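Notebook open. Today I looked up helix packing and salt bridges.

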Amino acid sequence: MKNRLKVLRAERDWSQAELAGRLDVSRQAVNAIETGKHDPSLPLAFRIARLFDMKIEEIFDDEI
């Protein structure tokens with residue numbers, strides 16, 4: 001699944017560790033989501049969307 005997480009994080013000048021802390025996940029989890037190696041759970045996707053004040057589909061794209 002493609003996503004804009006890395007871009008959104010960079011716009012706020014947050015490290016992966018900072019974003020992970022805000023989401024209560026590991027830095028490795030943030031890296032895996034950003035690189036497309038792992039898709040977030042639905043609850044985590046909602047937390048990410050709320051953090052960036054966006055809709056889930058504005059961050060994640062399920063088109064291949």
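My notes on both topics follow.

I'm working with a predicted model, where local features need pLDDT of at least 70, side-chain atom pairs count only at pLDDT 80 or more, and totals for chains, interfaces and linings use all residues. Numbering starts from 1 along each chain as its sequence is written, and side-chain values use heavy atoms, with hydrogens and water left out.

**Helix packing.** I took helices as DSSP runs (H or I, at least four residues), numbered from the N terminus. Axes are lines fitted to C-alpha atoms over the stretch in contact, with angles from 0 to 180 degrees between N-to-C directions. Helix 2 (residues 16-23) packs on helix 4 (residues 42-51) at about 110 degrees, axes 10 Å apart. That makes the two roughly perpendicular (65 to 115 degrees). I then listed who touches whom (heavy atoms within 4.5 Å): Leu19, Arg22 and Leu23 of helix 2 meet Leu44, Arg47, Ile48 and Leu51 of helix 4.

Next, I checked helix 2 against helix 3 (residues 27-34): their axes come within 8 Å and cross at roughly 105 degrees. Gln16, Ala17, Leu19 and Ala20 sit on the helix 2 side, and Arg27, Val30, Asn31 and Glu34 on the helix 3 side.

**Salt bridges.** I searched the whole structure and got 2 (Lys or Arg side-chain nitrogen within 4 Å of an Asp or Glu carboxyl oxygen). Glu34 pairs with Arg9, closest N and O atoms 2.5 Å apart. Glu34 is in helix 3 and Arg9 in helix 1 (residues 5-11), so the pair ties together parts 25 residues apart in sequence.

Methods:
Angles under 35 degrees count as roughly parallel, over 145 as roughly antiparallel, 65 to 115 as roughly perpendicular and the rest as oblique.
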